[in-house]
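Hi there,

Here is the structure I promised to pass on to you. Have a look at it first, and my notes follow just below.

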Amino acid sequence: MPSDTSTPAGDPRDTSTATADDPSGAGPGRPRPVPPPREAGYRAVFAVREFRAVFAAHLLSLLGVVVSELALTVLVYDLTGSPLLSALTFALGFLPYIVGGTLFAGVADRYPARRVLVTCDLVCAGCVAVMVLPGTPVGGLLALRCLVAAVAPVFTGTRTAALTDILGEGPLYVLGRSLLRLVSQSALLIGFGAGGVLLAALSPRGAITVTVVTFLCSAALLRLGTRARPARTGAGDGGALLKESLAGARAVLGDREIRGLLLLFWVPAFFVVAPEALAAPYADAIGAGPAALGLMMCAMAVGHIGAEVYAGTVLGPRARSRIVLPVAAAGLLPLVLYASRPGTALSLAVLVLAGAGAAYVIGLDQWFVEAVPEHLRGRAMTLLTAGLMTVQGLGMALAGLAAEFLPVHQVVACSGAVGTVCTVLLALEVRRTRVRYRSARQA
């Protein structure tokens with residue numbers, strides 16, 4: 001592939017040391033801080049050749065995962081006839097995240113990023129290939145599903161940390177993260193539809209086979225489309241990986257500023273999943289049909305995508321930073337309107353607004369990468385991903401449990417109210433610690 005050495009229009013960097021392929025200007029090693037482009041937009045991110053490879057790999061593997069989740073759920077139900085096991089198959093996509101993200105986080109800093117990413121893709125491809133075999137028992141399918149889910153936070157954390165090498169640590173990194181997040185949200189809208197079409201044409205095992213191909217293509221893109229860079233820390237003693245991973249988690253969670261930023265990612269996510277988890281019973285309660293239920297399931301993703309695209313294209317870095325705390329604090333407030341038991345139209349508007357509240361994350365990404373020391377970055381990003389998926393799974397489970405005792409609309413409204421109080425208190429804590437730590441750094 002020819003090297004793209006062009007830089008974005010208006011980029012003040014010296015192109016003799018920093019190119020679109022290597023914004024850091026640091027070659028194959030760690031990136032040096034560089035002045036960001038004055039007009040860094042999504043087009044500037046796509047001008048970076050390595051990011052294009054990462055983006056394409058993310059798109060392929062994510063669509064494959066969504067399709068395989070749907071197909072595997074159907075396959076387990078066909079084999080067992082058990083709704084419980086079918087639901088458990090889907091839930092297993094969340095539960096192992098905290099295990100993999102805590103116990104194996106050291107991999108992200110200990111080994112070269114490209115090697116970790118390619119190996120994760122190949123492990124996932126191998127697991128899915130075994131799922132396709134007709135003789136694989138249901139217990140084996142569930143175990144393989146757990147293994148894929150345990151590998152996922154290591155892959156995601158490593159890739160997120162690697163973006164700072166590819167895009168630097170400024171606006172391009174923030175927009176690169178934003179693009180990957182937008183793809184993830186879009187996959188929820190497209191992937192399940194694509195999975196349904198595949199299942200109409202193929203058997204569940206045939207649809208799962210597609211995922212093997214997507215993981216292999218992702219591995220090839222990452223191997224051939226990204227540069228080899230050294231690990232952030234030395235490989236050290238092979239038996240110390242678990243110790244290193246746990247030490248990294250303690251260091252990240254023990255830092256008051258970083259802990260506050262992590263919680264600002266996690267706490268709103270814990271509460272905002274309630275309406276999605278309870279969409280089916282709520283649609284039934286208000287007499288809405290399947291079409292309305294489908295719209296409810298998509299509404300938050302639509303709001304999230306629209307708000308993040310706006311923040312990424314219209315707002316500059318300073319504006320994105322300024323909206324973090326107020327938008328995070330107010331993001332869950334629309335859910336309180338569920339107390340009035342809204343009909344289909346109003347509930348869709350509420351869900352779109354709640355999804356739009358996630359726009360604060362685009363500025364929070366910048367705060368997080370600035371706060372985390374480079375030698376901890378891979379482990380911090382892995383822990384962030386693992387925690388985010390875990391709290392969403394717990395939020396869904398607890399919302400379902402609460403709905404066993406309370407009307408669905410009250411559960412969602414309470415999630416919005418309690419979540420707002422918790423997020424406001426957390427935002428005040430983050431504001432205090434950021435002021436204190438910035439003053440200390442300047443001193």
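A residue is called exposed when its relative accessible area is over 50%, and buried when that value is under 20%. Please keep in mind that this is a predicted model.

Let's start at the surface. Phe 405 has a relative accessible area of 67%, so this residue counts as exposed. In the chain, Phe 405 sits in the loop that runs between helix 19 (377-402) and helix 20 (408-442). Together with Leu 398, Leu 401 and Leu 406, Phe 405 makes a nonpolar surface patch of about 420 Å².

Now to the aromatic rings: the structure has 6 aromatic pairs. One of them joins Phe 46 and Phe 55, whose ring centres are 5.0 Å apart; the planes stand at 85 degrees, so this pair is edge-to-face.

Tyr 282 belongs to helix 13 (residues 279-285), whereas Tyr 338 lies in the loop between helix 16 (324-330) and helix 17 (344-356), so the pair ties together parts that are 56 residues apart in sequence. Both of these tyrosines, Tyr 282 and Tyr 338, are buried.

Best wishes

Definitions and conventions
Residues are numbered from 1 along each chain as its sequence is written. This is a predicted model: local features need pLDDT of at least 70, side-chain atom pairs count only at pLDDT 80 or more; totals for chains, interfaces and linings use all residues. Side-chain values use heavy atoms; hydrogens and water are left out. Patches are made of residues with over 30% relative accessible area and no salt bridge: like charges are joined within 9 Å, nonpolar side chains (Val, Leu, Ile, Met, Phe, Trp, Tyr) within 5 Å. Accessible areas come from the Shrake-Rupley method with a 1.4 Å probe; for residues, only the protein chains shown count as cover. A salt bridge is a side-chain nitrogen of Lys or Arg within 4 Å of a carboxyl oxygen of Asp or Glu. Helices (H or I, at least four residues) and strands (E, at least two) are DSSP runs, numbered from the N terminus. Buried means under 20% relative accessible area, exposed over 50%, partly exposed in between (1.4 Å probe, protein chains only). Rings of Phe, Tyr and Trp (its six-membered ring) pair if their centres lie within 6.5 Å; planes under 30 degrees apart count as stacked, over 60 as edge-to-face and the rest as tilted.
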